[in-house]
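I opened the model today and kept notes as I went. The entries follow the order in which I looked things up.

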Amino acid sequence: MIRGMYSPVKTKPVSKSPCCARINARTMQKLCLQAFKHESQTLGGTLPSMTRFENGVLTATEFVQHYRGAANNYLNLGDLEKAQKYITAAENKLTEINDSTEVVLTYSLLSKICEAQKNFTAATQYAEKALAATEPENINDLSHNYRRLGDLYWRIGKFADSIDCYEKAINFQREYEHTNLDFIEGAQVSIAITLKDMGRLDESDKLFQEILVQMAELYPDSHNKIRQVKKLLAEVRSKKNS
């Protein structure tokens, strides 16, 4: 699969002071975790932050944000056990808040943690929950959540559902006022790959050709994206001729 070569979102580089430039992302994550541990060390099995929540110092929303942030840091550091511990605490408080954004973010992170644990069925279920909680006016979020769900359906072999999600992701992205053409291109490649995996080789061949025509208007023939798609197309044709 080459899904990873297509970046869903392009962001502008953030200017850094000479001091900040010396701190890489991993070091910053460790510093954040050290601060979090200092505040939330386990004492007798009870997290101080839980006590703060029960005493009304933290709102339910702040609690969810606090624990989800810790879970994300632990995920980035590869500590899946602690990531699961903190995201579960956040999930358990979702029934006490009325903020769809927090619900979507929490379920999305749960999905990523389950995926990192190679539990693709659970990852898919949480991605479905994240999608279901996404507000209909958030077109860009719907687009990205459908594409992620498509990737997970592909992983568990639900190819028809995967293609349906990719197509919806593309349609929502085209409706979005700041349409991301890279995103659409990547989703189209994912559809073509999935068609190949389903044995629908003629359809896959045709779609790869259409993608190459689109790419030719944007990139030189030597571009890595074009080389990768040509390689995939060659695999489809080899399979057709075997």
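**Entry 1**

I am working from a predicted model. I then looked up where the two helices lie. H8 covers residues 139-155, and H10 covers residues 181-197.

Two packed helices are described by the angle between their axes and the distance between the axes, so I noted both values. The angle between H8 and H10 is about 25°, and their axes are 11 Å apart.

**Entry 2: residues at the H8-H10 contact**

Which residues of H8 meet H10? I listed Ser143, His144, Arg147, Asp151 and Trp154 on the H8 side. On the H10 side I listed Phe183, Gly186, Ala187, Ser190, Ile193, Thr194 and Asp197. Sorted by class, this contact of H8 with H10 has 4 nonpolar, 5 polar and 3 charged residues.

**Entry 3: Gln188**

I stayed in H10 and picked Gln188, which is found in that helix. Is Gln188 buried or exposed? The relative accessible area of Gln188 is 9%. The cut-off for buried is under 20%, so I put Gln188 down as buried.

I also looked up what Gln188 touches, leaving aside its neighbours within four places in sequence. The contacts of Gln188 are Ile170, Arg174, Leu207, Ile211 and Gln214.

**Entry 4: Lys118**

Next I checked a backbone angle. Most residues other than glycine have a negative phi. Lys118 is not a glycine, yet I read a positive phi of about 65° for it.

Where is Lys118 found? I located Lys118 in the loop between helix H6 (100-116) and helix H7 (120-133). The relative accessible area of Lys118 is 63%. Exposed means over 50%, so I recorded Lys118 as exposed.

**Entry 5: the whole chain**

I finished with the totals. I found 12 helices and 0 strands in the protein chain. Read along the sequence, the pattern is α-α-α-α-α-α-α-α-α-α-α-α.

The protein chain has 242 residues, and 42% of them are buried. Its accessible surface comes to about 13500 Å², with 50% belonging to carbon and sulfur atoms.

Last, I looked at contacts between residues at least 6 apart in sequence. Of these contacts in the protein chain, 59% join residues at least 24 apart.

Methods
Residues are numbered from 1 along each chain as its sequence is written. This is a predicted model: local features need pLDDT of at least 70, side-chain atom pairs count only at pLDDT 80 or more; totals for chains, interfaces and linings use all residues. Side-chain values use heavy atoms; hydrogens and water are left out. Axes are lines fitted to C-alpha atoms, for helices over the stretch in contact, and angles run from 0 to 180 degrees between N-to-C directions. Helices (H or I, at least four residues) and strands (E, at least two) are DSSP runs, numbered from the N terminus. Contact means heavy atoms within 4.5 Å. Ala, Val, Leu, Ile, Met, Phe, Trp, Tyr, Cys and Pro count as nonpolar, Asp, Glu, Lys and Arg as charged, and the others, Gly among them, as polar. Buried means under 20% relative accessible area, exposed over 50%, partly exposed in between (1.4 Å probe, protein chains only). Accessible areas come from the Shrake-Rupley method with a 1.4 Å probe; for residues, only the protein chains shown count as cover.
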